[in-house]
Amino acid sequence: MMASGYNAKEEDGHHSGAPGNGGAGAVKSKKPDNTAFKQQRLPAWQPILTAGTVLPAFFVIGLIFIPIGIGLFVTSNNIKEFEIDYTGIEASSPCYNCAQNYSWNSTSSCTCKVPFTLEQPFESNVFMYYGLSNFYQNHRRYVKSRDDSQLNGDLTSLKSPSKECDPYRTSDGLPIGLPIAPCGAIANSLFNDTLELYHLSNGTRTAVVLMKKGIAWWTDKHVKFRNPGGNDNLTLAFQGTSKPVNWRTPVFELDPNDPDNNGFINEDFIVWMRTAALPTFRKLYRIIQKKVDAPTLASGKYELEVSYNYPVRSFDGRKRVILSTISWMGGKNPFLGIAYITVGSVCFFLAVVLLIIHHKYDNRCSSADIPN
Amino acid sequence: MDNISGEFALVISGHSLAHALEADMEAELLMTACACKAVICCRVTPMQKALVVELIKKHKKAVTLAIGDGANDVSMIKSAHIGVGISGQEGIQAVLASDYSFAQFRFLQRLLLVHGRWSYLRMCRFLCYFFYKNFAFTMVHFWFGFFCGFSAQTVYDQYFITLYNILYTSLPVLAMGIFDQDVPDRRSLEYPKLYEPGQLNLLFNKREFFICISQGIYTSLVLFFVPYAVLSNASQDTAEPLADYQTFAVTTATALVIVVSVQIALDTGYWTIINHVFVWGSLGLFFSIMLAMHSQTLFSSSPNQFHFVGSAQSTLLQPVVWLTIALATVICIVPVLAFRFLKLDLKPQLSDTVRYTQLVRQKKRKAVCFSGGAGVRGAAGSTSEGRLGARGGSRRSGYAFAHQEGFGELITSGKNMRLSSLALASFASRHSSSWIDTLRKKKHSHTPTPPGAASGDSSPAPSCVSGSAAPPLSNSPSVLGGSQDAAIEEEEARTPPPSPLQAKPGSSTSHARPPSTTLLAASESTQGPSTGGGPGDTAPSAQGESGGWTLSLGAVQEALSNWRSLGVRSSSPGPPSL
């Protein structure tokens, strides 16, 4: 009990029993420690929003954003881009017949030729993309439907793919079907149109050289996707598995001429497996290397030859080809430049308005105004 | 009853309270009690204490606080909203039953004005920020639903979703909830009006909640649509498109963490070293964990779990991504900054003003110190602070439940009403306790009183000093032997000039005190003008007859009404009444 050595009239803080009478046993003081932490006296910085900090900050943001926006806009305007829609919806379109007559089990592929003209020459590396619209690669069931350990070359997963791949896990037709390699809906819907470019000049039709390697992410190609049992003898490695349902050829025949682009590490396959975030997307297809003394793509007439294998009519999708050059900020992106200019000017304008308001209505009281 | 001006106090003893708390009377009691400035219930039982508290709780929309130190206070402490126990002389029973406990009654002021206020402020800021950050985080999925076929695909990596609330954003807000202060503790004590927002529920009500939520929704809109607009057609500088799911996820997650960190930086008003560590540390933790999760090492251990391999490294090296994040941050934060600045500028609250002046003073003091030879001025500055602080920290006793006999007797005896202490002394002498007698004798030996006016110098309650040599007003014979009119005359001659009151600010105290002490002060100061009249008076016999009691009571009442008006007129600036 605290009563030992306690004075009835004691008023000033030394209420602990110990200090007064040292020998009265060790009555511990209940007083909290007088440290800065426990007494909430830690040294602190107390920022306050004054006109002297906020208004210059707004001005600075405005002054930084507007030049950046202008730079981005100018850079973006210098990038050349050309888009060709070859879905074949209208009857006048070259690929109309192919689109109409598509059937799943046709062995020969339908080809159509789409002519287009480039007004301006394209300098430096030109990149060829294929674009799809209304294709929901970001649907949750679709995104789940893959087996990354199988794609990484794991032999166990090769023969027994993960359950997430259902219903594209085992092949039909057999009660216990062969495992599908690669399994899943993403792999099954691989884009298989073949696109070729021909330059028409002086009556001759020259094929534009398209590079099919260097289109995937480095980590994807070298870390994430590995062939089971190495890159050689893929036929043997994939024995006992079946091809995906909607593929024409099995995975080890994606590029038989190049062992570095065959099997799971085929770059078109890797690019497709990197699912897009939005329903309208584009994926890198081919690279046109820059030429030394001539523009990569001279202006003039061109022809796009499509081997029409990929059906999109059933879900109102669209297919297109995009030819684009690249800068430090990537492809053509006018939104970024415009957004920066807008935000910068809004900030600047806001700063001016706040300055005016602050000057007109400044009634920051001195301490005399505080009711005491 | 609500428009009663003037200050009343109700003193009610346990016996009367027993009647007053009956069902048919309690409404009356409540009304009367709430019209008074202070209510003193003496000689009450513990049960009655609890009943009084519950009466208030039931019928009034108020938060009740009960403070006590003895076992007889436990029921009251338990029934109030906030129970405070004093640990000390009476044991620790009250402490064990209470929500808060400390050692001395005077700490109650600090509990309420400093810690209670800070606690309310911290809680409200914490709640507002918590709702904001979670809405900003979650509503992004709502907007994404429109673009993913409403398939409930998440925008972020699953590990980010798990760790967002645990690791990336919890520590800064925790630090704010523990350490935040808007004004220092001395200022809180100095300006009790700062306590008002807590009483009026101003900092977190439906309106504030709605504002928090809307801010969260706006942030989520920006955080989804800016990356959507920028990345949908963008590509890396190696031409791979940036619109893949993993890049989008990393961009949005990074933008989110940066935006909410900037927001907590804006919300925190008191940056201790711990706040710095937590805020910058959380950001750093986010980047390091993300880079670790997207590394090749973890991928090789479990490819299906860590399939984001390479995303962070690839995404965060793109200038376009950082430009997107910067754009999203500015769009989210600039309106908030503008609103807050305008609010501070056009409609500052008292706490903002106090904070601002505090910082201005600090800067001045620093500047003064830096200018050399200002050690003295600096000290003077701090002493003025000290004086201000001291004025604000005046001791007030507001005991509601008396359990010791000594004072109760005194109050009911009317002993400390010096005006007619001569007359009342006769009345009081019937109940004189030895203590009072001793005091009387002491006074008698000190002051040179005119003959026979022995009891007239009875010193009132010990805290006041009656240092003047002049015999008190009470020596006027008119009170006792004279007619009623003469008595009134005498008093009025003495009461009018309010200047003595103002001339002696030291002696006059706040008028929130119980009227007895106000009378005390007034009587002291009116001794000035009465000095001349005093000694000349013939002092009547101190041993008053009981017949004089009725007359003196009337005189007391007159004095009361006069002095009250005096007090109102002279309105000295004391601390506002609680």
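In this predicted model, Cys98(A) and Cys110(A) form a disulfide, with their sulfur atoms 1.8 Å apart. The link is left-handed, at -80° about the S-S bond. Cys98(A) sits in helix α2 (residues 96-100) of chain A and Cys110(A) in strand β2 (residues 110-118), so the bond ties together parts 12 residues apart in sequence. Cys98(A) is buried, at 3% relative accessible area. Cys110(A) is partly exposed, at 30%.

Chain A has another link to follow. Cys165(A) is joined to Cys183(A), S to S 2.0 Å. Both cysteines lie in the loop between α5 (155-159) and α6 (185-188) of chain A, 18 residues apart. Cys165(A) is buried, with 0% relative accessibility. Cys183(A) is buried too, at 2%. Counting bonded cysteines along chain A, the disulfide pattern is 1-4, 2-3, 5-6.

Now chain B. Here a disulfide connects Cys128(B) and Cys212(B), S to S 1.8 Å. It is left-handed, at -90° about the S-S bond. Cys128(B) belongs to helix α6 (residues 107-145) and Cys212(B) to helix α11 (residues 206-231), so this pair ties together parts of chain B that are 84 residues apart in sequence. Cys212(B) is buried, at 1% relative accessible area. Over all chains, the structure holds 4 disulfides.

A disulfide needs the sulfur atoms within 2.5 Å. Cys124(B) is buried, at 7% relative accessible area. Cys347(A) is a further case. Its closest cysteine sulfur, in Cys332(B), is 12 Å away, also too far. Cys347(A) is buried, at 2%.

Definitions and conventions:
Residues are numbered from 1 along each chain as its sequence is written. Chains are lettered from A and ligands numbered from 1 in the order in which they are written. This is a predicted model: local features need pLDDT of at least 70, side-chain atom pairs count only at pLDDT 80 or more; totals for chains, interfaces and linings use all residues. Side-chain values use heavy atoms; hydrogens and water are left out. Helices (H or I, at least four residues) and strands (E, at least two) are DSSP runs, numbered from the N terminus. Buried means under 20% relative accessible area, exposed over 50%, partly exposed in between (1.4 Å probe, protein chains only).
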